[in-house]
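Hello,

Here is the structure I promised to send over. Have a look at it first, and then read on for what turned up.

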Amino acid sequence: MCARCDYERLLNAADLDPTDNRLRVLEVVGNNSYPLSAADIYQTLERTCSINRVTVYRILELLVSKNLVDRISTGGRAFYYGMAPNENHRPHPHFYCTRCGQMDCLTPDSLNVDSNVLRKTFPGRIDKVEVRVDGICKNCMK
């Protein structure tokens with residue numbers, strides 16, 4: 001959970017109006033310790049307020065386009081959403097359980113990829129480096 005992020009300030013810095021729905025979506029994403037699917041985000045919001053499912057998807061698209069939220073691939077057509085790197089969130093790899101579909105954050109130091117070295121050796125522009133480790137989680141191993 002992130003008690004350090006000022007979600008309203010993050011939205012303002014991205015030239016977005018801090019509407020109630022945008023703040024709610026960003027809070028759900030930021031206040032979780034692991035990435036969530038759009039359906040998970042919608043279901044969490046529905047417990048406390050009335051919001052349209054399409055609105056949640058549109059807000060997520062907007063937050064991704066403004067680099068406030070990262071869209072993390074599961075390798076298929078589904079995505080998970082987590083906070084994009086900022087002053088309170090270091091870039092980090094993720095673990096995806098191929099059996100149950102759970103996505104977990106790994107510590108930034110657990111798998112180190114030096115994107116500066118990559119940028120020096122790759123002749124094009126690199127906008128984002130995403131590292132995902134696939135396997136079977138400890139719960140599914142039982």
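Predicted model: local features only at pLDDT ≥ 70, side-chain atom pairs only at ≥ 80, totals over all residues.

V69 belongs to strand 2 (residues 69-73), which runs antiparallel to strand 3 (residues 79-83), and 5 bridges join the two. Together strand 2 and strand 3 form a hairpin, with 5 residues between them. Within that turn, G75 has a positive phi of about 95°.

Now to the pockets. How much space lies in the largest pocket? The volume is about 780 Å³. Its lining is made up of 29 residues, and those nearest the centre are P85, P91, H92, K128 and V129. Strand 2, strand 3 and helix 5 (115-121) are the elements that give two or more residues to this lining. Strand 2 gives the most, with 4 residues. By class, the lining of the largest pocket holds 14 nonpolar, 6 polar and 9 charged residues.

The second largest pocket has a volume of about 320 Å³. It is lined by 22 residues, with N32, S33, H89, H92 and C105 closest to its centre. Which elements each supply at least two residues of this lining? They are helix 2 (20-30), strand 2 and strand 3. The lining of the second largest pocket divides into 10 nonpolar, 9 polar and 3 charged residues.

One detail to look at on screen is H92: it is listed among the residues nearest the centre of the largest pocket, and also among those closest to the centre of the second largest pocket.

Best wishes

How values were computed: Residues numbered from 1 in each chain as written. Heavy atoms only, no water. Pairing = 2+ DSSP bridges. 1 Å grid on protein atoms, 1.4 Å probe; cavity = no way out; pocket = protein on both sides within 12 Å on 5 of 7 lines; lining within 4 Å. Points joined across faces, edges and corners; volume = space filled by probe spheres on them. Nonpolar A, V, L, I, M, F, W, Y, C, P; charged D, E, K, R; others polar.
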